[in-house]
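Please examine the structure shown below. The briefing that follows treats its fold, its confidence and its side-chain contacts by topic.

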Amino acid sequence: MAAPVRALCCTVWRQSSRQLSSTCSLQGGQSWRKDHGLPRSGSEYGPLTDLPDWSFADGRPAPPMKGMLRRRQEREALARRIVMLNSEVDKGIESWQAQEEKTKRMEEHQRSLLLKPKGRLLMKKKSQT
């Protein structure tokens with residue numbers, strides 16, 4: 001009896017075509033959440049991850065859990081990095097503006113060193129203005 005069942009399974013296996021896909025699949029609802037301004041998954045941020053799981057009966061808050069402390073440290077590190085990069089951008093803008101002012105002053109200085117019109121050219125220039 002076991003032999004016919006085995007033969008049947010082998011023939012079904014050979015006849016079935018398995019489709020393998022190497023593309024990455026989106027998690028269910030990920031694009032919908034992104035379109036509505038929500039996190040990609042329900043466990044990234046929000047009340048379920050940010051608020052404590054329990055509190056004492058007298059109303060005292062529960063001590064922070066390891067995951068909450070880790071997320072807080074990650075957010076602080078990200079905030080520090082943002083402030084640092086923002087200050088670098090501000091310094092870059094200031095140095096660019098200083099460079100632009102310097103080049104403008106140099107161009108005006110070069111224009112002031114050019115020969116001035118004299119005689120008839122000066123009179124012609126005055127009459128045109």
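A residue counts as buried under 20% relative accessible area, as exposed over 50%, and as partly exposed in between. At 46% relative accessibility, Arg60 is therefore partly exposed. The model is predicted, and the chain averages a pLDDT of 81, with 78% of the residues scoring at least 70.

**Fold and confidence**

- The chain has five helices and zero strands, which gives the pattern α-α-α-α-α along the sequence.
- Among the elements of the chain, α4 has the highest mean pLDDT (96), whereas helix α1 (residues 2-15) has the lowest (53).
- Where pLDDT is low, the predicted coordinates should not be read in detail.
- Of the 129 residues in the chain, 6% are buried.

- Phe56 lies in the loop that runs between α3 (47-50) and α4 (66-113).
- With a relative accessible area of 32%, Phe56 falls between the cut-offs of 20% and 50% and is therefore partly exposed.
- The structure holds one aromatic pair. Trp54 and Phe56 form this pair in an edge-to-face arrangement, with 5.1 Å centre to centre and 85° between the planes.
- Trp54 is likewise partly exposed, its relative accessible area being 39%.
- Together with Met65, Trp54 and Phe56 form a nonpolar surface patch that has about 270 Å² of accessible area.
- The ring of Phe56 also has the charged end of Arg60 sitting over it, 4.2 Å from the ring centre.

**Salt bridges**

- Side chains of opposite charge can pair when their charged atoms come close.
- The structure holds two salt bridges.
- In one of them, Arg60 pairs with Asp58, and the closest N and O atoms are 3.0 Å apart.
- Asp58 has a relative accessible area of 56%, which is over 50%, so Asp58 is exposed.
- Glu74 and Arg70 form a salt bridge as well, their closest N and O atoms being 3.3 Å apart.
- Because Glu74 and Arg70 are four residues apart in helix α4, about one helical turn separates them.
- Glu74 is partly exposed at 44% relative accessibility, and Arg70 is partly exposed with a relative accessible area of 43%.

Conventions:
Residues numbered from 1 in each chain as written. Predicted model: local features only at pLDDT ≥ 70, side-chain atom pairs only at ≥ 80, totals over all residues. Heavy atoms only, no water. Patch = residues over 30% accessible without salt bridge, like charges linked within 9 Å, V, L, I, M, F, W, Y side chains within 5 Å. Areas by Shrake-Rupley, 256 points an atom, 1.4 Å probe, with all protein chains shown as cover. Salt bridge = Lys/Arg side-chain N within 4 Å of Asp/Glu carboxyl O. Helix = DSSP H or I, 4+ residues; strand = E, 2+ residues; numbered from the N terminus. Buried < 20%, exposed > 50% of the residue type's maximum accessible area, 1.4 Å probe, protein only. Phe/Tyr/Trp six-rings, centres within 6.5 Å; stacked < 30°, edge-to-face > 60°. Lys NZ or Arg CZ within 6 Å of the ring centre and 35° of its normal. pLDDT = per-residue confidence, 0-100.
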